[in-house]
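Please look over the sequence and the model shown here before reading on. The notes after it are arranged by topic, so that each can be followed in the viewer.

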Amino acid sequence: MQWDKKKIDSFKASLSITLVAKALGLSVENGRCHCFYPMRHAHGDRTPSLSISEAKGLFRCWVCPDVRGDVIDLVQLVRDCSFPEALKWLVEEFRPWENSEPLQTNAMNPKQEIVFPEERPLVLEEEISPTLHDKVILSFLKKLVPVENTQAASWLVRRRIFKSIWNKMKLRYVEDYDGISKSLQEEFGLELLQKVGLFNKRGHLRYYKHRLIFPYLDSQGKASYFQARSILANTFPKEQNLPGRVPFPYNSKILDGSPDWVYLCEGVVDTLTLLCRNISAVGIPGVSSFKTEWVPLFKGKNVIISFDKDEAGRNGALVVQELLSVAGIHNVIGGNLNLPEMFKMKEGYDVNDFFGGRK
Ligand SMILES: [Zn+2]
């Protein structure tokens, strides 16, 4: 079905803005929650300034003039994403049985029409050549420092992800935020940086809070994609994916066709947790981000799907299992293994929790 204005309006009306806020990780109480830009507030918004009107389906911060809008604006602001990305996220979270296909920007078929209310512009990634895109990303990554001796180091150790893997996976940290921001703008100009997705629509480098950078290395050890992670408590969302296509799963260079077991994890942190223990693992950015085109990469492997032990993890695992099984790739869902009690994950745990990582 076409996502026209009418359908979007009725979709918005069918959602509870309070439940959406909660799904985004905001803690709403009596129609109030903390603003997601606490640094703009005196005392870090100790007294919640953001009002949520369930009746009207709207929210607003009483301090920040630009923090207001409807349920889709809320998702866009908190996840720092575009309108179609926000809509797609909402459909996947709240109406998974609806087809969100028409919302996917398809690089192979730029003519595929997406209908937006209020004529919001969409920056299409195919406007930039892949070579230029990769050049910008590479330049950004080169401006970063290794995580050793940065605030990210103690965060990683707390998660029980140790030094042995930091250099191997080229983990990086945004140390000099202002310097990097300025030098990128001088080198490429704001418009290009926004198109690539390094800068947000307000013209700021996106990685002020999300300073720990996990590059997705290709077989040559180069990266044209990465995930950014906040190491501060209470950041929503805690991860930021570079907009656009995820080229391959994290650490996919181990998918070399040789017969072997491989763990498929939800997120980079879980993948690193296993790699650190010399367990073969690859990761996908989120539980619903596995792509059909990646299935052939897993040829020859025995895959243990190790998503979070929660409802979303279980549902995501079933989807991936189906895709792999159809292609004849042997796989098993981690939770279905017949394991002794001590190797079983508790409800609500992820791989990192299992290995004693502290939040
Ligand atoms: Zn505010």
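The model is predicted, and its secondary structure comes to 12 helices and 13 strands. Of the 359 residues in the protein, 35% are buried. Among the contacts with a separation of 6 or more, 58% are accounted for by residues 24 or more positions apart.

**Helices H3 and H4**

- Helix H3, covering residues 71-79, and helix H4, covering residues 83-94, have axes that come within 9 Å and cross at roughly 105°, which makes H3 roughly perpendicular to H4.
- On the H3 side the contact is made by Ile72, Val75, Gln76 and Arg79, while H4 contributes Phe83, Ala86, Leu87, Trp89 and Leu90.
- By residue class, this contact of H3 with H4 divides into 7 nonpolar residues, 1 polar residue and 1 charged residue.
- The length of H4 agrees with expectation, because its 12 residues, at 1.5 Å a residue, should span 16 Å, and its end C-alpha atoms are 16 Å apart.
- The buried residues of H4 are Phe83, Pro84, Ala86, Leu87, Lys88, Trp89 and Leu90, and the buried residues of this helix pack against H3 and also against helix H2 (17-23).

- An open sheet is formed by 5 strands in the order E5-E6-E7-E8-E9, with antiparallel pairing.
- Strand E5 (145-146) and strand E9 (239-241) are the edge strands of this sheet, each pairing on one side only.
- Within the sheet, strand E7 (residues 212-217) and strand E8 (residues 223-229) pair in the antiparallel sense over 5 bridges, and Leu212 has Arg229 as its bridge partner in E8.
- Helix H5, made up of residues 130-142, lies across strand E6 (172-173), E7 and E8, and runs at about 50° to E8.

**Ala152 and its surroundings**

- Ala152 has its place in helix H6, and it counts as buried because it has 23 C-beta neighbours inside 10 Å, where the cut-off for a buried residue is 20 or more.
- Leaving aside neighbours within four places in sequence, Ala152 is in contact with Val147, Tyr173, Arg211, Leu212 and Ile231.

**Two residues with positive phi**

- As background, most residues other than glycine have a negative phi.
- Asp80, which is found in the loop between H3 and H4, has a phi near 50°, a positive value in a residue other than glycine.
- Asp80 counts as buried because 20 C-beta neighbours lie inside 10 Å, a count that meets the cut-off of 20 or more.
- Arg160, which is found in the loop between helix H6 (151-158) and helix H7 (163-168), likewise has a positive phi, of about 60°, although it is not a glycine.
- Arg160 counts as partly exposed because it has 15 C-beta neighbours inside 10 Å, a count that falls between the cut-off for exposed, 12 or fewer, and the cut-off for buried, 20 or more.

Note on methods
Residues numbered from 1 in each chain as written. Predicted model: local features only at pLDDT ≥ 70, side-chain atom pairs only at ≥ 80, totals over all residues. Axes fitted to C-alpha atoms, helices over the stretch in contact; angles between N-to-C directions. Helix = DSSP H or I, 4+ residues; strand = E, 2+ residues; numbered from the N terminus. Parallel < 35°, antiparallel > 145°, perpendicular 65-115°, else oblique. Contact = placed C-beta atoms within 7 Å. Nonpolar A, V, L, I, M, F, W, Y, C, P; charged D, E, K, R; others polar. Pairing = 2+ DSSP bridges. Expected span 1.5 Å × (residues − 1).
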